[in-house]
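These are my notebook entries on a structure that I looked up. I record each point in turn.

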Amino acid sequence: MFIFAKVFDITISEDEVKRESKRLIGASESEELTIKQALSRLIDECILFHEAIREGFEMNECEFDAALLESLEDMDNTSIDCPMNMRQAEELEQSLKRRIVVRKYMRALWEKRLNIGEAELNAFYEDQKEVFFAPETVRASHILIKKDSEDALARISELRASIKSSEDFLARCNQSECPSNIRCGDLGYFPRGKMIREIEEVAFSLELNQISDVFSSPFGYHIIMLTERVIPHQVPLDEIRESLRTRLAQLEREFFLIRHISELRSKHESAIDILVENYKEA
């Protein structure tokens, strides 16, 4: 067994590094850099595990069984190889145990330290107000005739000629060949950049309840009626309070974890022994 590193009394093998690097596929274009990142993550895990054990954290069999099942499902759904021999199976078991204990340790730390209060929430919202700005949004309904027959343009032109009012439009939506015809052609709300270009350009050019002329898109021929317009506006804090609190807590956890690992690495620098020269800076 080729050993990449030792952290306290824990060895990190080449197989473990390769398995971890497969979890990071896409994180880097360089295989060597991906391996460095994988090794660094495993070292961090070992340091956190050591600290968790020192603090009295441990795992039970039910937790292990649940984590093992989750790990096997991950292997089925990804390119991560299942253990091929007894040694690899033991490595997987030890890795799972470490992750369970580390997870419990970090959860306990977060619960003690992280509480996004109203004052912090309000301060962040006021400081970043320009971020919480809703762009102009429209809501439109349409009638679609697909281009799969020679008379498609003539049919929708005749249909448009018969529409004199918004009531006429809604009454004829059942002739649309779009599934939206069951809800009077409603396309819902959309800002710029979220709808196909041809529909977006026409919808944003209309006045409220105005009905467009016939126009073409890759999907067929359309007639659109603008049903609502929401002008750009500041999103009130009350509308996003809980989602913002959740996001701030997530960011705080991420920053806290980075700081905590950095402190532990400095504290236990002498316990980290990377045995492969090319990865000394992991």
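**Entry 1: Asp44**

I began with Asp44 and found that its place is in helix H2. I noted that the model is a predicted one. Is Asp44 buried or exposed? Its relative accessible area is 14%, which is under the 20% cut-off, so I recorded Asp44 as buried.

I then looked for contacts of Asp44 beyond its neighbours within four places in sequence, and I found Ile261 and Arg265. I also looked up Ile272, which is 228 residues from Asp44 in sequence, while their C-alpha atoms are 10.0 Å apart in space.

**Entry 2: The nonpolar cores**

I turned next to the largest nonpolar core, which has 35 residues. Which of them touch the most other members? I found these to be Ile12, Val17, Leu39 and Ile43. Among the elements that give two or more residues to this core are strand E1 (3-7), helix H3 (61-77) and helix H9 (237-267). Helix H2 gives the most, with 10 residues. I listed another core, lying apart from this one, with 12 residues, including Ile145, Phe169 and Tyr221.

**Entry 3: Strand E4**

I examined strand E4, residues 137-145, and noted that 8 of its 9 residues are buried. Which way do E4 and strand E5 (residues 186-191) run? They run antiparallel and are joined by 4 bridges; Ser141 stands opposite Asp186 in E5. E4 also pairs with strand E7 (residues 220-230) in the antiparallel sense, over 9 bridges. There, I found that Arg139 has Glu228 in E7 as its bridge partner.

Conventions: Residues numbered from 1 in each chain as written. Predicted model: local features only at pLDDT ≥ 70, side-chain atom pairs only at ≥ 80, totals over all residues. Heavy atoms only, no water. Core = buried A, V, L, I, M, F, W, Y, C linked by side-chain atoms within 4.5 Å. Buried < 20%, exposed > 50% of the residue type's maximum accessible area, 1.4 Å probe, protein only. Contact = heavy atoms within 4.5 Å. Pairing = 2+ DSSP bridges.
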